[in-house]
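Student: I have a model open and want to go through a couple of parts of it. Can we start with how a helix end gets capped?

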Amino acid sequence: MKRIAFVFFVAAALAVVTAHEPLAISSEPSRVDQAARRAQADPAREARLTWFREAKYGLFIHWGLYAIPAGQWNGKRSLGLGEWVMLRSAVPVKDYEKLAARFNPVRFNADEWVKVARDAGMKYIVITSKHHDGFALFKSKASPYNIVDATPFKRDVLKELADACARGGIRLGFYYSQSQDWHEPDGAGNTWDFGPDDKKDYDRYLRGKAEPQVRELRTGYGKVALIWFDTPRMMTGDRPHRFTKIVRDLQPDTLIDGRLGAEGDYTSTGDNVTPPNVSGDAWEVPATINHTWGYRTDDTDWKSPGQIAFKLVDIVSKGGNYLLNVGPTAEGVIPQVSQDILRTVGRWLQVNGEAVYGAGATPFGEELGEPSARGAKDVRGDPLVYQQIQWRVTTKPGKLYFTFFDEPRAPFALPRMKNTAKRAYRLADNAPVDMKTENGRTVLTIDRPILDPMATVVVVEFDGTKVEPIK
């Protein structure tokens with residue numbers, strides 16, 4: 001990887017496609033202090049977030065009827081995201097429903113999906129229980145438009161996945177599209193069949209389908225790690241709070257994401273958008289391994305293992321989680337190329353995971369980049385940042401983890417801090433790294449070429465438990 005810098009654009013500028021109408025996360029430095037105050041004010045929320053802050057890395061799965069057309073409709077390429085084919089091609093409900101009779105994913109194996117996540121080093125899975133097309137991957141009394149009642153497969157995918165996750169030690173969460181439902185006359189989004197959203201009886205849809213289905217998810221699938229709500233259209237008044245009550249009354253430890261329409265336990269950033277700076281609050285970047293979420297046959301522009309390793313460490317170094325998506329085929333198979341990429345990163349994490357799992361954000365920040373000298377701003381008014389990608393820092397008490405994605409200059413000067421650095425070594429093999437102080441700066445002499453060209457971690461132990469940087 002060459003040493004480069006590029007302008008970090010948020011929201012529309014970075015996301016090739018936008019799947020979920022994102023809610024932006026602030027990158028202001030004051031957010032760190034605000035998060036600390038919020039944690040003190042809401043200890044129950046902090047207790048719920050304990051596992052989430054430790055996990056750092058999860059698998060997103062977008063799967064449903066849309067895997068059959070796989071980006072086409074009536075022989076024509078459907079623009080945009082694979083799971084949005086019904087909207088992008090304005091498919092009438094009566095025509096889209098016919099896909100259910102063809103949905104028979106006989107190669108689906110829940111244990112194999114869990115094994116992919118485990119091999120990848122991921123700690124939790126989030127799967128689309130119902131996306132915007134209104135089709136549910138679980139047995140539902142609230143609507144027969146589900147995988148058990150409407151398809152020849154006749155199996156409850158979520159139940160099988162919940163059991164497999166329990167066996168495999170992986171936490172399971174459910175994505176649920178509470179607002180948009182293109183199958184229902186009163187759901188948001190389908191204007192080609194049912195007319196304008198503002199003319200619909202939206203509460204009839206919520207009370208008749210969405211709320212009962214969320215209740216079903218909370219009662220039939222064991223302990224649920226989180227509910228990942230999406231696109232909060234028309235979620236005004238008490239509507240989001242009704243969902244919160246269902247979740248909290250039935251499983252109070254379940255996390256709620258930031259796209260319900262009311263404040264959740266953590267923030268979901270824009271799709272494929274990583275904030276430029278550290279935020280002390282809990283947040284997560286939902287991201288694609290190619291460009292789409294649901295399976296498309298024509299999207300083969302895969303991120304490399306090196307790109308994913310960088311994104312993971314970059315996000316963790318800023319205090320967040322990385323939720324990386326795969327789109328299984330209509331037969332129920334996670335594409336092999338996705339599996340290969342994920343497992344490559346997983347092998348790196350087997351050796352270097354100490355720098356990721358449960359690690360805290362960088363105490364420095366100079367390595368992240370610098371604002372545009374001309375004061376240019378993004379669509380939200382935040383400064384554009386020239387992002388540096390050579391190295392990142394994560395931390396644990398008494399330790400700094402310097403992850404190098406390119407060979408550092410020799411010698412490499414540590415950022416200034418009041419603490420005394422005691423020793424340095426490579427995380428992968430515990431080989432010592434030469435460290436000395438020259439002219440008041442502590443420097444490392446790291447062997448070149450670096451041990452792992454994808455990413456090499458050097459651990460620096462220091463006195464005390466928390467770094468005190470010198471500004």
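Tutor: One term before that: a polar contact is a pair of N or O atoms within 3.5 Å, and within protein one must be able to donate a hydrogen and the other to accept it. Also, this is a predicted model.

Student: OK. Which residue caps the N-terminal end of helix 7?

Tutor: Aspartate 156 does; one of its side-chain oxygens lies 3.1 Å from the backbone nitrogen of leucine 158.

Student: And what follows helix 7?

Tutor: Glycine 169, with a positive phi near 70 degrees. The helix itself covers residues 157-168 and reaches 16 Å from its first C-alpha to its last, close to the 16 Å expected.

Student: Which residues of helix 7 are buried?

Tutor: Val157, Leu158, Leu161, Ala162, Ala164, Cys165 and Gly168.

Student: What covers the buried ones?

Tutor: The cover includes helix 6, strand 5, strand 6 and helix 9.

Student: Switching topic. In what order do the strands of the open sheet 14-15-20-17 pair, parallel or antiparallel?

Tutor: The 4 strands follow that order, and the pairing is antiparallel. Strand 14 and strand 17 each have a single partner strand, so one side of each is left without a neighbour in the sheet. On average, neighbouring strands are turned by 20 degrees against each other, direction ignored.

Student: How many bridges join strand 15 to strand 20?

Tutor: There are 6. Phenylalanine 402 stands opposite valine 458 in strand 20.

Student: Which strands does helix 11 touch?

Tutor: Strand 14 and strand 15; the direction of helix 11 makes about 50 degrees with that of strand 14.

Conventions. Residues numbered from 1 in each chain as written. Predicted model: local features only at pLDDT ≥ 70, side-chain atom pairs only at ≥ 80, totals over all residues. Heavy atoms only, no water. Helix = DSSP H or I, 4+ residues; strand = E, 2+ residues; numbered from the N terminus. Expected span 1.5 Å × (residues − 1). Buried < 20%, exposed > 50% of the residue type's maximum accessible area, 1.4 Å probe, protein only. Contact = heavy atoms within 4.5 Å. Pairing = 2+ DSSP bridges. Axes fitted to C-alpha atoms, helices over the stretch in contact; angles between N-to-C directions.
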